[in-house]
Amino acid sequence: MARKVRFVDVYVLLVASAGAVVVVWAGGRTDLRDAASSRGFWLFALLLLLGEVFPIAIPRKGGEIEYLTASTTFAIAMLMAYGPAAAILVQVSASIIADLVQRKSAWKVAFNVGQYALSLGVAGVVYQAAGGTAAVHASSLPAFLAAGAVFFIANVILTDIVLGVTSGGSLADFIGHDLLFQAQTTLPLLALAPVVIAIMDESLWLVPLVVAPEVAVWWGTHLALENARLAEELGGSLEQMTELARAKDDFVAVVSHELRTPLTSIQGYVKTMLQLEEDLPPDQRKTFLEAADRQSDRLRRLIEQLLVVARLESDVEPIALSLVSIPRLASDVVDELRPQARGHVFDLRSPAGLPSLLTDEAKVHQILSNLVENALKYAPADTRISVHAEPAVRGVVVSVADEGPGIPEDAQERIFERFFQVDQSATRRVGGTGLGLYICTKMAAALGARLWLARSAEGGSEFSLFLPERPPGSEGPAEAVSR
Ligand code: ADP
C-alpha cells in the first residue's frame, strides 16, 4: 500500500536539500583557507563542538525537557570573525557529529544540517549587508543585532514548523508559545558572540573562560533534573506505601471482625456452662461443646488462611510435585466437605482416561476446597453443586458450578482481589475474609495454572481452573527441545 505523502515529510526534505546546496556553496569559498590558518578558528570550532555534544537540558512547564545548544555563541562569533562559509561548515560538521553520538535518525541529522546552513546563511547575508566587519567595534553592533535576530528567527521558525505541525494544535499558537521560551534561552547565548571576539582580540587564552558560566548552567540544570526525577520516584513510592498501608488497615479491620465473631460465640458457650454448671442438662452441655468446637475450627481455619497469605506474599511457599489424578482429588474434596452440605446435591463428573498431572496436590486440593466451600456457603440449601473435570490442550479444566445467587457484574472483576467481598456489611449472612479466591489465584499462578469466573448470573456461578500437564519450567531437556 502506498504511504500517504505528508506535508512534514516534504518540508523536511526541502529544508535538508536547500541546506545541502548552501553547504556545497560554503565548501567552495576561497576565504576558508585563510580562516583555517588562524588558531582562533580552531578554538572556536572546538568550543562549538563541545556545545553541540553537551546540550543544556532545560525543564519546561508541563515536565517537557528542552535541549539548548551553547554552540550558537561560537557559530555567530565565527560568522562575524571568519565569514559565513566557515561558520556554516563548522556548525554543520559539529551538528552531524553530535547527532551521530546521540544516535539520531538520518532524517533528523539531515534536517539539522539544513536548518543550521539556512539560518547561518541568511544571517551571514544580513551581517555583510549591514556593514558588519571581522573586528568588533561599537559601530558593528547594529549589524550584529540584525544578523543575530535573523539567525534566531530563522532557526526557531524552521524547527517550529515541524514540531508545530506534528503537535496536533495550531501552528501559530505553537510558534507563539515556543518563541518566548527560545528567546529567553537562546538570545543570551547569542549576545556572548561579540564578547567572545572582543576577548579573543585581547588573548586567545581568555576565550575558554567565557564557557565557565555555560558549564555552571549545564551542571545546575543537570542536577535540577536529577532531583526532579528522584522526587517523582519518591512520590511514586510514597503513593504505593499509602496504598499498602490502606490495604493493611482494611485487612486489620476485616480480620479482627472475622476473628472476634467465632471467639465471642466460643466465649458465650463457655461462660454459660461455667455459670450454670450442674444445672445444665447433659444433652444441652453436649450441644454447647459441639458448637464451641465448630467455632474453634472456624477460628483455626481463618488463622491458617492468614498464614497462607503471608507465606504466598513473601514467596517462600515451596512446591511439591507429584503425579495427581484430578477426578480422585475432586472426589476426596467433595467427600471431606459433604458434612458441611445443607442438603446440597453433588454432581461429580469426569471422562474415563483423564491423564494424571504433575502438580502440587496440596495446592490443587486447597483451590478446589475453596471453590466447593464457596459454592456451599453462597448457594441455598438443597441445590446442586457440580464438579466437572474435562481434558484440555496440554492439561485439564476443572469446573465448580452452583445454583446460588451469582455475583453482580460490577463485582466480577474484583472477587479475586485480596479482601474483596461482594457483601462487606458486618451483618453478612456467611462468614469469610475475602481471602479465599485471592489465595486460589496466587496458588494457581505458582503452578502455572489459571482460575477464572466462567459464568455468573442470577441462577448460579461457575468457576473454572485450568491445570497444565506439568508446571512450566519443569520440562526435562528432551521435552524442552522437541515440539
Ligand atoms: P470469602 O471468604 O468472603 O468467601 P472469597 O475470596 O472466597 O472470600 O470470595 C470473594 C467474594 O466472592 C465473596 O465474598 C463472595 O461475595 C463472592 N463469591 C465467591 N464465590 C461465590 C459463589 N460461588 N457464589 C456467589 N458469590 C461468590
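This briefing covers the ligand site, a surface patch and the salt bridges of one structure. The model is predicted, so local features need pLDDT of at least 70 and side-chain atom pairs count only at pLDDT 80 or more, while totals for chains, interfaces and linings use all residues. Residues are numbered from 1 along each chain as its sequence is written, and side-chain values use heavy atoms, with hydrogens and water left out.

**The ligand and its shell**

- Asparagine 374 places a polar side-chain atom 2.8 Å from an oxygen atom of the ligand. A polar contact is a pair of N or O atoms within 3.5 Å; within protein, one must be able to donate a hydrogen and the other to accept it, and residues adjacent in sequence count only if both atoms are side-chain atoms.
- Tyrosine 378 also has a polar side-chain atom by a ligand oxygen, at 2.7 Å.
- Leucine 437 uses its backbone: a polar backbone atom there is 2.8 Å from an oxygen atom of the ligand.
- Taken alone, the ligand exposes 530 Å², and the protein buries 96% of that. Such accessible areas come from the Shrake-Rupley method with a 1.4 Å probe; for residues, only the protein chains shown count as cover.
- Helices (H or I, at least four residues) and strands (E, at least two) are DSSP runs, numbered from the N terminus.

**A nonpolar surface patch**

- Val5, Val10 and Leu14 make a nonpolar surface patch of about 290 Å². Patches are made of residues with over 30% relative accessible area and no salt bridge: like charges are joined within 9 Å, nonpolar side chains (Val, Leu, Ile, Met, Phe, Trp, Tyr) within 5 Å.
- Valine 5 sits in the segment before helix 1 (7-27).
- Valine 5 counts as exposed because its relative accessibility is 64%. Buried means under 20% relative accessible area, exposed over 50%, and partly exposed in between (1.4 Å probe, protein chains only).

**Salt bridges**

- Side chains of opposite charge can pair when their charged atoms come close.
- The structure holds 17 salt bridges. A salt bridge is a side-chain nitrogen of Lys or Arg within 4 Å of a carboxyl oxygen of Asp or Glu.
- Arginine 229 meets glutamate 233 in one of them, at 2.8 Å from N to O. Both lie in helix 9 (residues 211-276), four residues apart, about one turn of the helix.
- Arginine 229 is partly exposed at 40% relative accessibility, and glutamate 233 is partly exposed at 47%.
- Arginine 246 pairs with glutamate 243, with the closest N and O atoms 3.2 Å apart. This pair is also in helix 9, three residues apart, about one turn of the helix.
- Aspartate 335 forms a salt bridge with arginine 338, the closest N and O atoms being 3.3 Å apart.
- Aspartate 335 is partly exposed at 41%, and arginine 338 is partly exposed at 42%.
- Arg60, Glu66 and Asp178 are linked in a salt-bridge network.
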